[in-house]
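Biologist: I'm new to this one and would like a quick tour. Could you show it to me, and then we'll go through it with some questions?

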Amino acid sequence: MKTASAPSQRGPDSVNHASAPALDYGRRRWRLGDAPAAILLLAPAMVLFAVATIYPLLETIRISFWDIQGLRKPVFTGFGNYILLFSDAGFRNTLLTTLWFTAGVTIISVGLGWVLAMLCALAPRQTLVFRMMFFAAFGISETVSGYMWTGIFRADKGGLLNSFIELFGFPDFAFAWLGNANTALWALIISSAWSAVGLPLMLIFAAIQSIPKSVLEAAYMDGAKPLSTMRFIMAPLSLPGVRVAVFINLLTALRAFDIIYVLTNGGPARATETVGYFIYRESMTQFKLGYGAAATIVLLVAFLIVSAPAVIQRTAGAK
Amino acid sequence: MTARAPLWVIVLVGIVACIWMVPIVGIIITSIRPPEGTMLGWWRMDHFDLTLDAWRKVWSKYPLAPAFWVTVKTAGIATFLTMLLTPAAAYAFHFLEFRFRRIMLVIIINAFVLPQQVVIIPLFRLWRDMGLIDNIASVLVPYVGLSFAWSIYLVKSFFEDFPKELIEASKIDGCGPVGTFRFVVLPNSLSPVFAVGILQFLWTWNALLLPMLFLRSEIPLPVLLARISSSYEMNWDMRSVAAIVTAAVPLLVFMIFQRQFAAGSQTRSGAKE
Amino acid sequence: MAADVTSMFEMRRRTFLAGAGGLALSTVAGVSRAADEVSGELAVLNWAGGTELDMLHNLQKAFVAKYPKVIIREVNVTGQGDMRPGMRTALMGGEKVDLFVNTWPAFRKELADAGILRPIDDQWKAYDWDKRLAPSWRDLGSLNKVTYGLTYTFGDRSGIWFKKDHMAKAGIADMPKTWDEFTAIMPKLQKAGFAAPIAVPGKYWAHAEWFETLLLRTAGVEVSAKLGAHQIPWTDPAVKTALQKYATLITGGFCGPAADMLATEWDAAADQVFQANAKNFILIGMWLNARAKDDYKLSEGKDYGLFQFPGLGMGHDDTSSVDSKEYVVTANGENPKAADAFLDFLTTADAANIIAKAGLASPSKEVDASLYGDVQKVATAAVANSKVQFVLGDLLPGDLVDEYRVQLQKFLQDPSDANIDKVLAAIEEKAKASY
């Protein structure tokens with residue numbers, strides 16, 4: 001812990017504070033050093049975080065080495081669970097399905113949310129009602145809205161989608177959407193994206209609202225049309241919001257369970273099972289906690305490999 | 001901006017929003033029609049009766065009022081704590097320098113990958129050993145602790161746009177790091193803080209898995225309403241009522257607090273002199 | 001920090017066994033002085049919802065009327081779909097209850113192995129329940145000749161439901177009794193406009209019903225029981241024969257395309273038969289009765305009926321698949337006397353009639369059978385005259401059930417002989433690892 005104060009104390013980026021360039025972005029050490037302030041500001045949050053996350057994470061790592069089934073006595077199995085996971089062809093398919101599902105939901109929900117946010121930002125007051133509608137879709141329980149989607153995709157002529165198709169004169173195209181592996185996956189992507197759009201919309205809208213009015217005023221003065229305003233001013237300046245939206249939606253899709261349970265139960269014949277569903281099924285339904293834990297660790301490591309370089313690079317110092 | 005609001009934008013958004021509402025309209029209609037009418041689809045007009053039966057049944061059979069207050073308490077406290085602690089933490093991560101800063105950030109961001117069901121069993125054992133089952137703290141600690149996985153990143157992202165001149169100015173004025181946070185950064189960051197608040201409120205209000213396992217005597221609305229569903233009875237009219245009742249409050253909160261988003265831009269424009 | 005997982009379970013088991021021994025002794029001694037001794041709080045773990053919960057509440061009310069000194073405390077477990085995880089967590093978490101309902105034999109085994117259940121053989125003798133319950137019900141609630149559960153309701157899982165006006169439309173006067181008759185009426189129904197008469201709900205688990213009853217009819221109860229205990233492999237020719245018979249229905253075009261089957265849950269399939277009038281037959285449990293009456297507003301016996309699964313003529317036509325619900329008592333409960341009294345109450349006429357009035361079947365000999373509706377009468381009579389076997393799917397251990405259902409879905413997608421071999425081999429693989 002750094003005590004007293006000498007202006008010559010060096011920061012991690014080896015720059016003398018007296019003449020640090022503006023690139024430092026304000027992250028200079030104050031006279032007393034940052035550590036005490038950091039502790040004060042961080043401690044309560046980090047304690048709660050550690051109890052709620054670090055402790056379960058350590059436990060998860062631990063039980064991933066045990067074979068636990070229901071209330072049976074657990075049996076130590078070393079890397080057994082992991083070996084089983086990777087030798088299961090079904091699990092590999094699950095990983096692939098997860099990739100498709102997650103990518104599909106994230107791209108569609110964030111893309112659409114972004115465009116809608118920019119449009120709404122052009123007319124914030126008038127679009128309030130509409131923004132609330134999208135948020136309602138986001139806020140309603142996924143189990144119930146999922147049930148509505150099963151009604152839409154229902155196999156017989158009773159499904160809303162099939163009724164529409166018949167209405168427009170193509171009765172042969174009526175299909176059992178949830179009974180075929182490919183269409184079922186798309187049905188899942190669409191219904192998940194439907195719920196998920198509300199979040200990027202809200203966040204990116206907030207990001208755009210944070211753009212200083214002066215910037216937008218200047219553009220208007222210069223005669224910019226709405227579309228150009230969107231493309232050249234709102235889009236780039238709302239990137240922080242977009243990044244957060246991608247982060248949250250991507251990880252929510254990765255862990256998704258409810259919607260899959262209601263629409264397809266992971267079927268037909270496991271075709272729409274994602275890793276999130278797999279983990280839920282193993283941990284909660286089968287109560288094979290060790291196996292579910294192993295799958296979670298695999299997921300975590302995969303994400304770590306992808307995200308850690310990005311995070312480290314982005315937080316290195318200058319923006 | 002309002003003077004320039006082009007009509008086509010409003011119409012376009014409106015059309016998309018109305019299409020978006022189809023499933024929600026479905027839920028509302030399912031709740032006010034008898035089950036036999038909606039079985040083949042809520043849009044069917046074969047036997048069209050409207051009835052508030054499901055609403056009445058839910059109201060009379062289930063103790064909604066106590067559950068409502070429990071939910072207000074848990075969601076309210078969790079939201080308050082998150083809104084209080086997140087900006088402070090995000091500020092520390094973004095503007096301060098200390099050892100392990102980056103590693104901690106990597107851990108926090110990756111924590112969001114953990115699915116809830118993986119978290120609850122170890123926590124359950126911990127609470128049981130500490131005698132905290134059926135105590136409100138057993139859900140509050142995970143509600144707030146788990147929120148940091150996404151909330152810190154959210155607020156931190158917004159800090160990337162924060163005008164450095166303000167920080168410089170406060171340093172010149174002799175403000176320490178905590179003071180800068182309290183008087184300069186926080187007041188100008190209401191937008192992301194309220195975004196965090198709205199999301200946290202929504203998620204804790206709707207939370208089902210955690211309170212289902214940790215709370216016994218005083219249960220929140222979603223857990224109470226989950227009892228409406230029984231595996232062998234597809235009582236979707238009552239389940240739709242449950243969904244609407246549960247979703248109403250967060251929607252109201254969103255409506256009231258989304259105004260705070262616009263507040264950000266006013267104060268920001270003061271920075272550019 | 002949480003104690004080590006192994007020692008925790010060991011500790012619990014020792015405690016339970018010790019407690020169980022002591023309680024068993026005191027229970028037998030105390031059973032003779034019934035009504036005045038039964039008092040105090042009776043803790044019940046409850047996971048039921050909807051109208052079933054209403055019926056259980058009625059039972060509890062009637063019980064308290066008989067033993068006024070008892071106060072019932074409900075510990076509610078909420079869950080989605082399968083209630084077992086919630087129950088496991090509650091029991092693991094040290095929740096002390098006296099009794100609860102179980103409907104999965106595999107779960108009964110899991111609980112018994114973990115020392116959570118208290119055997120009721122002594123009570124069976126002391127209360128003389130053999131007078132009111134046939135021995136087959138006792139067997140249904142037993143594990144390795146030790147009785148744990150008292151069955152209070154059962155359901156016929158080998159009954160095929162149909163709508164009377166469909167049959168009239170196709171000119172079918174009597175319901176088929178043999179397999180050949182069954183397949184013979186299919187073309188008649190198809191000519192009457194029903195393209196695929198059989199509704200097979202393949203989305204979750206209900207497609208297995210056909211296979212299970214077919215297995216009983218082709219190979220009998222013992223073979224099915226052996227399969228459930230993995231004493232014979234899934235690749236056994238008897239199992240293959242059952243699937244081949246199932247295949248004839250699919251390849252014959254009576255069930256519709258696979259995608260339709262896999263997209264349909266049992267309630268949607270039932271809607272197809274009873275509301276959309278697009279299909280004719282569904283093989284599902286007795287809970288459809290409540291749905292038909294309450295939701296479809298049909299009249300039992302008049303608008304719809306049930307006929308028992310047709311006979312295959314292979315010597316096992318007097319078999320039925322059944323499900324049942326039983327009450328089990330815990331080894332660490334605080335009020336074993338009241339718990340036993342409740343079990344006894346379930347066998348009496350009062351309780352049996354409450355159950356019958358709710359549209360369910362009671363195994364008690366004292367039930368007033370006139371309370372049963374027409375459909376219920378047919379089902380109960382069929383079961384009474386059969387050798388019964390519990391639903392195979394509920395006998396299998398956790399992860400095997402899942403594999404079993406998924407493989408059967410693959411079977412629906414391709415019912416060819418070659419695929420049947422593949423499917424059975426896959427289930428057998430998983431079975432080897434599960435027992």
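This is a predicted model: local features need pLDDT of at least 70, side-chain atom pairs count only at pLDDT 80 or more; totals for chains, interfaces and linings use all residues.

Biologist: Okay, which residue forms a salt bridge with Arg138(C)?

Modeller: Look at helix H7 (residues 135-140) of chain C, where Arg138(C) lies; its partner lies in helix H6 (residues 121-127) of chain C, so the pair ties together parts that are 17 residues apart in sequence. The closest N and O atoms are 2.8 Å apart, which is inside the 4 Å limit. The partner is Asp121(C).

Biologist: And is Asp121(C) buried, exposed or partly exposed?

Modeller: Buried would need under 20% relative accessible area, and exposed over 50%. Asp121(C) has 21% relative accessibility, so Asp121(C) counts as partly exposed.

Biologist: How many residues apart are Lys325(C) and Glu52(C)?

Modeller: These two side chains meet in a salt bridge, 3.3 Å from N to O. Lys325(C) sits in strand E10 (residues 319-329) of chain C and Glu52(C) in helix H3 (residues 50-66) of chain C. Both residues are buried. The pair links distant parts of the chain, and the separation is 273 residues.

Biologist: How many salt bridges does the structure hold over all chains?

Modeller: Chain B has one between Arg101(B) and Glu97(B), at 3.1 Å from N to O, and both of those residues are buried. There's also a network of salt bridges that includes Arg270(A), Glu273(A), Asp402(C) and Glu403(C). Over all chains, the total is 35.

Biologist: Let's move to where chains B and C meet. Which residue of chain C does Lys61(B) pair with in a salt bridge?

Modeller: In that interface, 21 residues of chain B are in contact with 35 residues of chain C. The two chains bury about 2,600 Å² between them, 56% of it on carbon and sulfur atoms. Two salt bridges cross the interface. In the one made by Lys61(B), the closest N and O atoms are 3.5 Å apart, and the partner is Asp54(C).

Biologist: Which helix gives the most to the side of chain B that touches chain C?

Modeller: Four helices of chain B each supply at least two residues there: H3 (35-38), H7 (116-130), H12 (209-214) and H13 (221-226). The one that gives the most supplies four residues, and that's H7(B). By type, that side of chain B divides into 11 nonpolar, two polar and eight charged residues.

Biologist: How wide is the arc that the buried residues of H2(B) cover around the axis?

Modeller: Helix H2 (residues 22-32) of chain B has Pro23(B), Ile24(B), Gly26(B), Ile27(B), Thr30(B) and Ser31(B) buried. They're on the same side of H2(B), because the arc they cover around the axis is only 150°.

Biologist: Last one, over in chain A: which residue's backbone oxygen does the side chain of Asn81(A) reach?

Modeller: Asn81(A) lies in helix H2 (residues 80-87) of chain A. With a relative accessible area of 5%, Asn81(A) is buried. Beyond its neighbours within four places in sequence, its contacts include Phe65(A), Trp66(A) and Tyr291(A). The backbone oxygen that its side chain reaches, at 3.4 Å, belongs to Gly290(A).

Conventions:
Residues are numbered from 1 along each chain as its sequence is written. Chains are lettered from A and ligands numbered from 1 in the order in which they are written. Side-chain values use heavy atoms; hydrogens and water are left out. Contact means heavy atoms within 4.5 Å. Buried area is the accessible area (1.4 Å probe) that two parts lose on being put together, summed over both. Ala, Val, Leu, Ile, Met, Phe, Trp, Tyr, Cys and Pro count as nonpolar, Asp, Glu, Lys and Arg as charged, and the others, Gly among them, as polar. Buried means under 20% relative accessible area, exposed over 50%, partly exposed in between (1.4 Å probe, protein chains only). The arc is that of the directions from the helix axis to the C-beta atoms. A polar contact is a pair of N or O atoms within 3.5 Å; within protein, one must be able to donate a hydrogen and the other to accept it, and residues adjacent in sequence count only if both atoms are side-chain atoms.
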